[in-house]
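Thanks for sending this one over. Here are a few notes to read alongside the model.

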Amino acid sequence: MITESLARRRTTIAFAFLRNPFRILSFIAGIPSRVRQISRARFRTGQLILRSPRTRWGCSHSSASGHAAEPDADWQTERPRPPRLTSKNRPEPDVEAELGAGSPGIDGADRVRMLAMSRRALSFGVVAEAYERFRLGYPVELFDLVMTYAGRPVRTALEIGAGTGKATRLFAQRGVTVTATEPDGAMLAELRKHVAADVKTVHAAFEDVRPGERYGLVYAAAALHWTNPEGRWSRMAALLEPGGVFASFGGPLQLADAAVEEAVRAARAPFLESDDVPSPDGTPPGHDMQWPGTELQRSEWFADVRQSVIVRRATMSAHDYVGHLSTISAYLELPTPEREQAFSRIMRVLPETVEIAADITVHLARRRCEQ
Ligand SMILES: C[S@@+](CC[C@H](N)C(=O)[O-])C[C@H]1O[C@@H](n2cnc3c(N)ncnc32)[C@H](O)[C@@H]1O
C-alpha cells in the first residue's frame, strides 16, 4: 500500500511538473512565487502562495486534539469561538414581520433556520441572470491549486452555495462529479442552464445538507461567510472522506486605480459607506492567516491549513463594472431608488474602461482521519 501511494505521489508530482514546472518547483522549495500568466484574453492570473506549510499527500493520522468521536456523531461537539458579528456582516431579517407570527407551514425549526440566514445572504436570487452575466468565473489555476494540494485523484465534490454554477463548472468540466447545493431557488434555476445534466443539484442551505455520502472535496466559492458558524466544521468534516480536502475561495473585485477608487467611494458615500463583507471572525486585513483559515486552524477536524492567493487582473467596461456592482449584496440591500441613484452617480465618475484587481484568496485544509 505504501509503495502504491508512493507511486501515485510520484505520478502526481510528475504530472504537475509537466503542467507547470515553475510552480511545482516553488511548491517543493516552499518559495513564495508570483507567476503571472495570461489565462484568457481579458484576464491575467498568477499564483501567490502566502503560506505554504509542508504538503501531506495522504491521510494525516496525527491529531493535535486526539479526538475519537465521528464528527457526525454529535454535530454540537465543536464550539468554535463565536465570530464578531456586526449588523453589517450578518443583519437579522425581521422574519416575524415578513412571515407573520405563526404563519402556516412554518414550524419552529424552520423559523429558527430562517432567522439564522440573513436577508443579505439570500439577496442574490433577484439578480440571478445579472449575477451569471457580470460576475467573473474561476480560472483553471484554481482547479490546479486544489488538485495539487489534494495530491490524489479527487472524484467527487460537494459544493456549498453554488449560486449560478461558476465554480461548479470549473470542477465538473474537469472530471469531478459535483453535487451543487444552493438555498436560493432562483440561483439554482440559473445554475441548471449552465451546467451539464450529470451535475446533481440540491436545493438546500449548508445547514440543511444532511451527511450521508462523503466526498473527496467539499468547497465553497464566495459563500462560506453566509453559513451559520455554529458547528460549521464538524458538519463540514461529516461530509468529507478521511483525508478529504476542504476549499474555500473568493475575493472582492477592486478598482486598481486609486484615483478611480476614491471617486467611486465618494459617489457611493451618500448611500453606502462600504460595499464589502467584513471578516466574519474579525481577523484584521493585515493578519498573515485570514478567515476561514483562522477558524480551520482552531478546528479539531482539520489539518494542513494553507492560504494562497491567485493574482488576477482584468480590464472591463464601466458598464460591466456597474453590472457587477448590481450583484453585490450591500447594494441589493438598498431601496431601489437609492440603488439606482448610487449606480448612476458611480457611472458618471468612471472612465470608459476600468482596470480591476480580482485576486482570489484560497484556503485549503485536509480532514483528519478517524483514529
Ligand atoms: C456571492 S454568492 C456565490 C455564488 C457562487 N458560489 C459563486 O462563486 O459565484 C453566495 C451564495 O451563497 C448562497 N448562500 C447564502 N446563504 C447560504 C447558506 N446558509 N448555505 C449555503 N449557501 C448560502 C447564496 O444563495 C448565494 O448563491
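**Notes on the predicted model**

1. Let me begin with a loop. Pro278 sits in the loop that connects α10 (258–268) with α11 (293–298). Please bear in mind that this is a predicted model.

2. Along the chain, His225 is 53 residues apart from Pro278, and 9.4 Å separates their C-alpha atoms.

3. On the overall fold, the protein chain contains 14 helices and 11 strands. Buried residues make up 35% of its 371 residues. Of the contacts between residues at least 6 apart in sequence, 76% link residues at least 24 apart.

4. In soluble globular proteins, nonpolar side chains tend to be buried together.

5. Leu142 is worth a look in your viewer. Setting aside neighbours within four places in sequence, Leu142 is in contact with Leu170, Phe249, Ile310, Ile360 and Val362.

6. Finally, the ligand. Which residues are the closest to the ligand? They are Gly161, Gly163, Ala221, Ala223 and Trp226, out of 23 that surround it. By class, the shell around the ligand has 15 nonpolar, three polar and five charged residues.

Conventions:
Residues are numbered from 1 along each chain as its sequence is written. This is a predicted model: local features need pLDDT of at least 70, side-chain atom pairs count only at pLDDT 80 or more; totals for chains, interfaces and linings use all residues. Helices (H or I, at least four residues) and strands (E, at least two) are DSSP runs, numbered from the N terminus. A residue is buried if 20 or more other C-beta atoms lie within 10 Å of its own, exposed if 12 or fewer, and partly exposed in between; C-beta atoms are placed from the backbone. Two residues are in contact if their C-beta atoms, placed from the backbone, lie within 7 Å. A residue is near a molecule or strand if its C-beta atom, placed from the backbone, lies within 6 Å of it. Ala, Val, Leu, Ile, Met, Phe, Trp, Tyr, Cys and Pro count as nonpolar, Asp, Glu, Lys and Arg as charged, and the others, Gly among them, as polar.
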